[in-house]
Amino acid sequence: MISSSQPTITDKNGIATRQDADHNLRKLAAQRQLYSDAKTLLQSQFLAVVFFQAVFLLSLLWPELKSSGIGMAVAYALLDLLWQTPRQKKLRSKAAAIQEAFDCDVLVLPWKSTQAGEQPRAEEIEDAYRRFVARNGSVRDLKAWYDDPRLPELSLDIARLVCQRTNAVWDSRLKHHFAGWMLGATLGICATVVLAGLLGDMSLRDFLVSAVTPLLPAILFGARQVTDSRDTATRQERLEANAARLILAASEGDTISTAQARALQDEILDIRSRNPLIFDWIYRRKRDEYASLIHAGTEDMLRRRASA
């Protein structure tokens with residue numbers, strides 16, 4: 001439902017006013033909490049990978065740990081397949097739907113049920129919001145979600161595209177960074193296990209049974225994170241280019257319709273629904289750096305638009 005909040009004199013398009021309305025801050029808090037729940041499962045997957053490699057290393061000193069380590073690795077793989085990964089996907093889809101509701105209200109876009117399904121239930125949003133506040137104390141840090149300094153002076157059609165481009169640039173950079181970090185971590189774990197096997201003077205059979213089997217969760221987990229993150233980043237870069245093209249086209253007198261913005265939002269929603277998760281500490285570490293880069297990119301694009 002479109003908010004009735006009216007723009008202020010210094011907020012030409014109304015985005016700054018609408019995004020800090022209480023009902024929208026509750027949506028932001030709810031989606032952050034649900035993403036956090038899903039990331040907790042991601043962290044448990046990563047810690048499980050590290051644990052199984054530690055068991056292998058210890059089995060070099062205590063061989064009796066080999067059989068139990070293999071059994072635990074197989075059991076965990078089944079747990080991940082049957083519960084953890086499906087649960088993670090469900091949480092991510094719910095979070096994406098709530099974030100979509102936020103964007104539709106703030107950017108004044110129609111809800112597209114064929115793409116997003118039914119709108120999130122108020123009870124789900126409230127439950128996640130309360131858990132977020134219990135954990136973080138307040139929603140103060142969620143204010144000014146779209147914080148580009150040029151945003152308030154832009155017309156709604158251009159400001160909307162700037163926000164959509166911001167979403168794409170932000171996520172694509174994070175995905176590339178995360179993919180590189182995860183590739184390095186996976187290769188490091190594999191190298192450690194192989195080196196330990198060589199130093200332990202293991203036979204080929206013992207190495208395959210005791211090392212490669214426990215290593216499979218690490219290889220599969222790492223490969224999945226790297227490929228999914230890179231594929232998503234590629235889609236987001238295409239989305240970024242499309243948003244930039246529309247912004248520049250507007251400088252030549254073209255009208256940017258709500259339907260065009262809605263088409264971009266469809267792509268954003270689809271990406272969010274499948275989006276590989278990223279550890280919160282990576283987000284916090286890169287937040288200020290990426291925000292300044294995005295603001296610089298927006299400023300340059302708007303300058304080129306004005307001079308066209």
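**Note on salt bridges and a surface patch**

1. D270 and R274 lie four residues apart in helix α8 (residues 258–274), so about one helical turn separates them. Their side chains form a salt bridge with an N to O distance of 3.1 Å; the term means a side-chain nitrogen of Lys or Arg within 4 Å of a carboxyl oxygen of Asp or Glu. R274 is exposed, with a relative accessible area of 55%. Salt bridges that share partners also join D22, R26, E126 and R130 into one network.

2. The model is predicted: local features need pLDDT of at least 70, side-chain atom pairs count only at pLDDT 80 or more, and totals for chains, interfaces and linings use all residues. Numbering runs from 1 along each chain as its sequence is written, and side-chain values use heavy atoms, with hydrogens and water left out.

3. By the salt-bridge rule, the count is 23. One of these pairs K27 with D105 at 3.9 Å, N to O. K27 is in helix α2 (residues 22–59) and D105 in helix α3, 78 residues apart. Both K27 and D105 are buried (buried is under 20% relative accessible area, exposed over 50%, partly exposed in between; 1.4 Å probe, protein chains only).

4. R131 and D37 form a salt bridge, with closest N and O atoms 2.9 Å apart. R131 belongs to helix α5 (residues 122–136) and D37 to helix α2, so the pair ties together parts 94 residues apart in sequence. R131 is partly exposed, at 31% relative accessible area.

5. L82, in helix α3 (residues 65–106), counts as exposed at 66% relative accessibility.

Note on methods: Helices (H or I, at least four residues) and strands (E, at least two) are DSSP runs, numbered from the N terminus.
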